[in-house]
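Today I opened a new model and looked up how its parts pack. Here are my notes, for anyone who wants to follow along.

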Amino acid sequence: MFTCKESVDLLLQFLDGEMPEEEARHLEEHLQACPPCVDFLRTYRATPVLCKRALSQQMPQELADRLTQFLRQKCRK
Amino acid sequence: MADQVQVAAEDESGDRRLLEQAQAGDMSAFEALVERHRDKVYGLALRMTRSDADAGEITQDTFLSAYQHLSEFRGEAAFGSWVHRIAANNALMRLRHRHVVQAAEEEMKSPEFNERGSFAEYPATDWSRRADEKVLDDELRRAIMQATDHLPEGYREVFLLKDVEGLSYEQISEVTGDSVPAIKSRLHRARLALREAIDRFYNEDLKR
């Protein structure tokens, strides 16, 4: 059976669904017996979701207006 | 989730319609496409370069380049991922001409294990459900921005392109010139470092 360290190393592959069947079974066995790894998996999976929300950015209106002017000028040439 | 999928599909079909009009010479349709995608392009450029000025210029260059190559775009991919790839290329070119002090790989945080390969510390709180909360805490947003900015460049770009912009591993490989296994390895380390940063935020929050 995998250790926690080995399980953590395999999480990306596991979540991408690209793990060979046997390894996935070993990992699932470890997860069934290891609550810290289950919590870790949940937070690892939530990380990109939270980051994507935190990093969404609105272009400042002044820059957006400048972009429109720039494109009108360049694209009509 | 089903709602998000539906919105994405509607966005894509709206993009396709606007793209056809823009390809036929309708400038207002092109401007509508720019308006739909400028925030994401600007956000990607800003997070990659960490410079307002560079991000503004990259956004301009990206949409100008998209306009100049509109007739070549066949629509096999979504317009959004096409412009994000152009933006990522532009940002990478700028970064490679810039000599900045890099955060060291060794400084990237990851979980600690004991000699038996078990967690050295039991994770104190499962904050995964907070990802679905409607309002994102401003302090958490700042902590995530800081942690992202602190990632070494090659890790930050892969994380932004995959997890924030939604490019595939193959598309990222085309943009960066790196192999897919190398990209996956960096993505995993970047996620671990960002997970640690969020974990610290929630655990410190508990102590207050």
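A crossing is left-handed if the near helix is turned anticlockwise from the far one by less than a right angle, and right-handed if clockwise. The model is predicted, so I kept in mind that local features need pLDDT of at least 70 and side-chain atom pairs pLDDT 80 or more, while totals for chains, interfaces and linings use all residues. Residues are numbered from 1 along each chain as its sequence is written, with chains lettered from A and ligands numbered from 1 in the order in which they are written.

**Helix pair.** I looked at α6 (residues 153–164) and α7 (residues 169–176) of chain B, whose axes come within 10 Å and cross at roughly 140°. That makes α6(B) oblique to α7(B) (under 35 degrees is roughly parallel, over 145 roughly antiparallel, 65 to 115 roughly perpendicular, the rest oblique). I noted the crossing of α6(B) and α7(B) as right-handed. E157(B), V158(B), L161(B) and K162(B) of α6(B) make the contact with I172(B), V175(B) and T176(B) of α7(B) (contact: C-beta atoms, placed from the backbone, within 7 Å).

**Chain contact.** Next I checked the chains: 43 residues of chain B are in contact with 35 of chain A. On the chain B side, α2(B) brings the largest share, nine residues.

**Domains.** I found domain 1 (2–96) and domain 2 (105–207) in the domain assignment of chain B, with C-alpha centres 26 Å apart. Their contact takes 11 residues from domain 1 of chain B and 12 from domain 2 of chain B. On the domain 1 side, α4(B) gives the most, with seven residues.

Notes. Axes are lines fitted to C-alpha atoms, for helices over the stretch in contact, and angles run from 0 to 180 degrees between N-to-C directions. Helices (H or I, at least four residues) and strands (E, at least two) are DSSP runs, numbered from the N terminus. Two residues are in contact if their C-beta atoms, placed from the backbone, lie within 7 Å. Domain bounds come from an automatic or database domain assignment.
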